[in-house]
Amino acid sequence: MLKKRFIFVLLWDSGHFCLSRNFRLQHVGDLDWLLQSYSFATMADSIDELFLLDVSPNETLSAGFLEVVHHLSGQFHIPLAVGGGIRQTTKASQLFKVGADKVVVNTPLVDDPKLIAEIADIYGQQSLVGSIDWSSGSGELLAYVDSASRSVGPLQDHVQITSELVGEILLNDIQRDGTGFGLDLVTAKTVCQDSNRPVVVMGGCGKPDHIVSGLMEDGINAIATANLFNFVGDGLQVARQMAFEGGIEIPNRIRARP
């Protein structure tokens, strides 16, 4: 059985790291700010993977973003998944060359599944994370692409299609994104039942027990948070200790506190 995972997500927009709330972005600092604000050694002991997502409207891989990927891959000795605007295999190749272990794809899952197959043929299906943004705002569960601007139909249908293309799924709740109100575990568990791939659940984590309660659910493989400010302190360490004490099977990255 796969061990449960803690994942931290960094959002990058045109030279700045961002906070996101319902997919509306607020710039908070550049790479220098991040390095000054975070103890990477401490964070690396508290998480199992790092996701870095370029949410810039320009789909061109900038030299600045590639530099950030390269720098962070050297700072963290844990898997790094990188996404944003991957429309050709050459873009995926660039990301792998500068340190990505996986690439995250969203819109091509619908618009260009052939591209997904090409990347899988070269790097393996396990190197692909399918990012699914979803909302129930219309009264039904719908999946979205293009930065949550375009619906592609029922969530369950999109989950089943995506599961055939990628190695794992990142499930992001648009309505709870950045709110800190907690995860929608009912929908998350439904998606896990519809998928034969590991599912990473994101959207709503505001305190450590939100992470732990999600990891306690059968079928949910990982919980991700992009909440920069709430976790600048020891929130991730506290959540990991709570998981150990609760008997959750997670990688033993740090020694449990006495």
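Leaving aside its neighbours within four places in sequence, which residues is His71 in contact with? The answer is Leu31 and Leu35. This is a predicted model.

**His71 in helix H3**

- His71 sits in helix H3, which spans residues 63-75.
- His71 is partly exposed, at a relative accessible area of 30%. That value falls between the 20% limit for buried and the 50% limit for exposed.
- In sequence, 74 residues separate His71 from Val145. In space, the C-alpha atoms of His71 and Val145 are 29 Å apart.

- Helix H8 runs over residues 185-194. Its buried residues are Leu185, Thr187, Ala188, Val191 and Cys192.
- Strands among them are E7 (128-135), E10 (168-173) and E11 (199-202). Helices among them are H7 (155-163) and H9 (208-215).
- The N-terminal end of H8 is capped by Asp184. A side-chain oxygen of Asp184 lies 3.3 Å from the backbone nitrogen of Val186.

**Helix H9: enclosed**

- H9 is largely enclosed by the rest of the structure, because six of its eight residues are buried.
- The buried residues are Pro208, His210, Ile211, Val212, Gly214 and Leu215.
- They pack against two strands, E1 (5-13) and E12 (222-225). They also pack against the helices H8 and H10.

**How H9 packs on H10**

- Two packed helices are described by the angle between their axes and the distance between the axes.
- H9 and helix H10 (residues 235-245) pack at an angle of about 35°. Their axes are 8 Å apart.
- The crossing of H9 and H10 is right-handed.
- H9 contributes Pro208, Asp209, Ile211 and Val212 to the contact. H10 contributes Gly235, Leu236, Val238, Ala239, Met242 and Ala243.
- By class, the contact of H9 with H10 has eight nonpolar residues, one polar and one charged.

**Ser163 in helix H7**

- Ser163 belongs to helix H7.
- The Ser163 side chain reaches the backbone oxygen of Val159 at 2.8 Å.
- A polar contact at 2.9 Å joins the side chains of Ser163 and Ser195.
- Not counting residues up to four places away in sequence, Ser163 touches Ile169, Ser195, Asn196 and Arg197.

**Glu168 in strand E10**

- Glu168 lies in strand E10, one of the elements covering the buried residues of H8.
- The side chain of Glu168 makes a polar contact with the side chain of Lys102, at 2.4 Å.
- Not counting residues up to four places away in sequence, Glu168 touches Arg5, Lys102, Leu128, Val129, Gly130, Arg197, Pro198 and Val200.
- Arg197 is touched by Glu168, and also by Ser163.

How values were computed: Residues are numbered from 1 along each chain as its sequence is written. This is a predicted model: local features need pLDDT of at least 70, side-chain atom pairs count only at pLDDT 80 or more; totals for chains, interfaces and linings use all residues. Side-chain values use heavy atoms; hydrogens and water are left out. Buried means under 20% relative accessible area, exposed over 50%, partly exposed in between (1.4 Å probe, protein chains only). Helices (H or I, at least four residues) and strands (E, at least two) are DSSP runs, numbered from the N terminus. Contact means heavy atoms within 4.5 Å. A polar contact is a pair of N or O atoms within 3.5 Å; within protein, one must be able to donate a hydrogen and the other to accept it, and residues adjacent in sequence count only if both atoms are side-chain atoms. Axes are lines fitted to C-alpha atoms, for helices over the stretch in contact, and angles run from 0 to 180 degrees between N-to-C directions. A crossing is left-handed if the near helix is turned anticlockwise from the far one by less than a right angle, and right-handed if clockwise. Ala, Val, Leu, Ile, Met, Phe, Trp, Tyr, Cys and Pro count as nonpolar, Asp, Glu, Lys and Arg as charged, and the others, Gly among them, as polar.
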